[in-house]
Amino acid sequence: MKIQIINGPNLNMLGKREPEIYGSQSFETYLAALRKQFAGVQLDFYQSNIEGELIDKMQEVGFEYDGIVLNAGAYTHTSIALQDCIRSLACPVIEVHISNVHKREEFRHHSMLSCACIGVIAGFGLESYRLAIEYLTTGFPRPFQ
């Protein structure tokens, strides 16, 4: 099984950026723990601050991988281009957020991506990624349409 984790803008600053919201652990440290926990799964990771590069990566893996775990950061709230990309892929995409976006600024309450993803996980810190991977690796049932 192959799962691609994709992080968007400013998520390269995890561990340094607003630790009261995002925690003090770097994503690289957390990724090592995820890879250990899911040793039988190929977990690939990609991060970019550039919207088009996120689209390029999803198009690259979206027809060969078993799933994508996507934290698009602030692009979540603005990007029709990412939504269009997700809709074009063969593999399922789960939208994740470290913080509970509904307890934050109003502009974060709406996602342009949720309607194209099979589900959304938010507010569980970095564990949001683990929850998404567990769902993808357990032979998930298809959500109701």
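Colleague: In which helix is Ser128 placed?
Modeller: In this predicted model, Ser128 sits in helix α5.

Colleague: Why is Ser128 called buried?
Modeller: Its relative accessibility is 0%, and buried means under 20%, so Ser128 counts as buried.

Colleague: What makes the pair of Ser128 and His97 a polar contact?
Modeller: A polar atom of the Ser128 side chain lies 3.0 Å from the backbone oxygen of His97. The cut-off is within 3.5 Å, so the distance qualifies.

Colleague: Which residues is Ser128 in contact with, leaving aside neighbours within four places in sequence?
Modeller: They are Val96, His97, Ile98, Ile121, Ala122 and Gly123.

Colleague: Which residues does UniProt list for "binding site"?
Modeller: The unreviewed entry lists Asn71, His77, Asp84, Ile98, Ser99 and Arg108.

Colleague: Why does His77 count as buried?
Modeller: Its relative accessibility is 14%; the limit for buried is under 20%, so His77 falls in that class. His77 is in the loop between β3 (67–71) and α4 (80–88).

Colleague: And what makes Asp84 partly exposed?
Modeller: Asp84, in helix α4, has 45% relative accessibility. Exposed requires over 50% and buried under 20%, so Asp84 is partly exposed.

Colleague: How do you know that the buried residues of α2 are on the same side?
Modeller: The buried residues of helix α2 (residues 27–37) are Phe27, Tyr30, Leu31 and Leu34. They cover an arc of only 105° around the axis, so they lie on the same side of α2.

Colleague: What do the buried residues of α2 pack against?
Modeller: They pack against β1 (2–7), β2 (42–47) and α5 (127–137). Helix α5 is also where Ser128 is found.

How values were computed
Residues are numbered from 1 along each chain as its sequence is written. This is a predicted model: local features need pLDDT of at least 70, side-chain atom pairs count only at pLDDT 80 or more; totals for chains, interfaces and linings use all residues. Side-chain values use heavy atoms; hydrogens and water are left out. UniProt positions are given in the numbering used here, feature names are shortened, and annotations may be inferred rather than shown by experiment. Helices (H or I, at least four residues) and strands (E, at least two) are DSSP runs, numbered from the N terminus. Buried means under 20% relative accessible area, exposed over 50%, partly exposed in between (1.4 Å probe, protein chains only). The arc is that of the directions from the helix axis to the C-beta atoms. Contact means heavy atoms within 4.5 Å. A polar contact is a pair of N or O atoms within 3.5 Å; within protein, one must be able to donate a hydrogen and the other to accept it, and residues adjacent in sequence count only if both atoms are side-chain atoms.
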